[in-house]
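Hi there,

Here is the structure I promised to pass on to you. Have a look at it first, and then read my notes below.

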Amino acid sequence: MNWPGPDPAAGPMIVLHGGGALPDAAGTDLCLTRLAGAPAPWVTVPDPAAAQARVLRACAAQPVAAAILLRLLRLTEGMAADPALEVESLAFSTLLGGAGFRGWLARRGPVAAGPVPSGPVGYERSGDAVVLRMMDPASHNALSTIMRDALVAALDTCLLDPTLPVVTLTGGARAFCSGGALGEFGMATDLAVAHLVRRGQSVAGRLAALGPRGQAVVAGAAIGAGAEIAAAAAHVTAQPGAWFQLPELAMGLVPGAGGTWSVPRRIGRQRAAWLMLTGQRIGAAQALDWGLVDRVAAP
């Protein structure tokens with residue numbers, strides 16, 4: 001489809017530039033339009049002025065995290081997975097030591113750790129196909145340390161398997177993955193070591209290494225790390241009720257489970273910036289339209 005650009009008769013269009021409205025001199029352009037059917041990188045919104053105000057409020061609330069996010073998206077655009085994940089993890093560790101994240105922790109208050117799942121990841125094999133199923137319904141499959149390490153161990157087994165099985169990662173009917181375990185946020189005492197652990201135990205990195213053999217099937221919520229690791233798979237199927245959200249900026253952070261690489265490679269950095277700056281939820285149909293998923297299953 002050849003799209004000539006925003007039609008002034010269709011209503012207001014706003015382009016936010018990083019050097020101006022957004023707090024980042026290197027910036028990323030965020031293109032907002034009311035015109036329906038706009039292709040990438042445009043984000044169609046009912047009211048561009050209200051959308052602009054929403055972005056600016058989010059940036060004002062967490063200016064350092066917003067600036068780092070936008071620079072990160074621009075810097076890693078087109079990068080291979082490994083270096084992009086390295087840069088993301090360094091940025092994430094930097095923000096873990098920042099005032100924005102400390103303020104969020106103080107406002108949130110203590111969170112009790114949930115029950116420890118006895119078998120967080122199910123492994124099913126049929127011929128040359130493996131299904132890895134996250135199985136911690138009490139936390140809606142939060143990517144806790146235990147869940148992450150179990151996924152990494154299972155994915156490493158698949159990567160080392162000489163039969164080269166097709167690997168499908170999935171979760172429950174209500175939640176694919178609800179993101180990082182909130183009770184574990186703020187526990188890192190050595191942020192340099194935290195970076196090394198995060199890189200060594202990257203679920204997104206393993207999915208990227210699988211190449212075309214990596215698949216994800218998303219039902220229900222895919223929040224934060226859930227959306228990030230799903231997007232790292234070569235092929236993503238969404239169930240009709242699936243939805244995706246990247247809320248990390250409000251915590252004074254950037255996506256830290258691979259999302260600044262996995263999401264933009266599918267939908268572009270402008271649309272990724274919109275999702276990450278606003279925390280906007282999108283459903284399966286919009287995810288398919290943007291390319292965040294490759295297929296929506298029949299109801």
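**What I found**

The backbone oxygen of G279 lies 2.9 Å from a polar atom of the side chain of Q245. That is a polar contact, meaning a pair of N or O atoms within 3.5 Å; within protein, one must be able to donate a hydrogen and the other to accept it, and residues adjacent in sequence count only if both atoms are side-chain atoms.

Before going on, please note that this is a predicted model, where local features need pLDDT of at least 70, side-chain atom pairs count only at pLDDT 80 or more, and totals for chains, interfaces and linings use all residues. Residues are numbered from 1 along each chain as its sequence is written, and side-chain values use heavy atoms, with hydrogens and water left out.

Back to Q245: you will find this residue in strand 11 (residues 243-245). Helices (H or I, at least four residues) and strands (E, at least two) are DSSP runs, numbered from the N terminus. Is Q245 buried or exposed? Q245 has a relative accessible area of 16%, so it is buried (buried is under 20%, exposed over 50%, partly exposed in between, with a 1.4 Å probe and protein chains only). Leaving out residues up to four places away in sequence, Q245 touches A222, I223, G224, A227, G279, Q280 and R281 (contact means heavy atoms within 4.5 Å).

Next, the aromatic rings. How many aromatic pairs does a search of the whole structure find? The search finds two. In one, F101 and W104 are stacked, at 5.9 Å centre to centre and 20° between the planes. Rings of Phe, Tyr and Trp (its six-membered ring) pair if their centres lie within 6.5 Å; planes under 30 degrees apart count as stacked, over 60 as edge-to-face and the rest as tilted. F101 and W104 both belong to helix 4 (residues 99-108), three residues apart, about one turn of the helix. The rings of W104 and F185 have centres 6.1 Å apart and planes at 65°, so this pair is edge-to-face. This pair links distant parts of the chain, with F185 in the loop between strand 7 (175-177) and helix 6 (191-200), 81 residues from W104. Together, F101, W104 and F185 make one aromatic cluster.

Finally, look at strand 8 (residues 214-218): G214, A216 and V218 form its covered face, while Q215 and V217 form the uncovered one.

Enjoy exploring!
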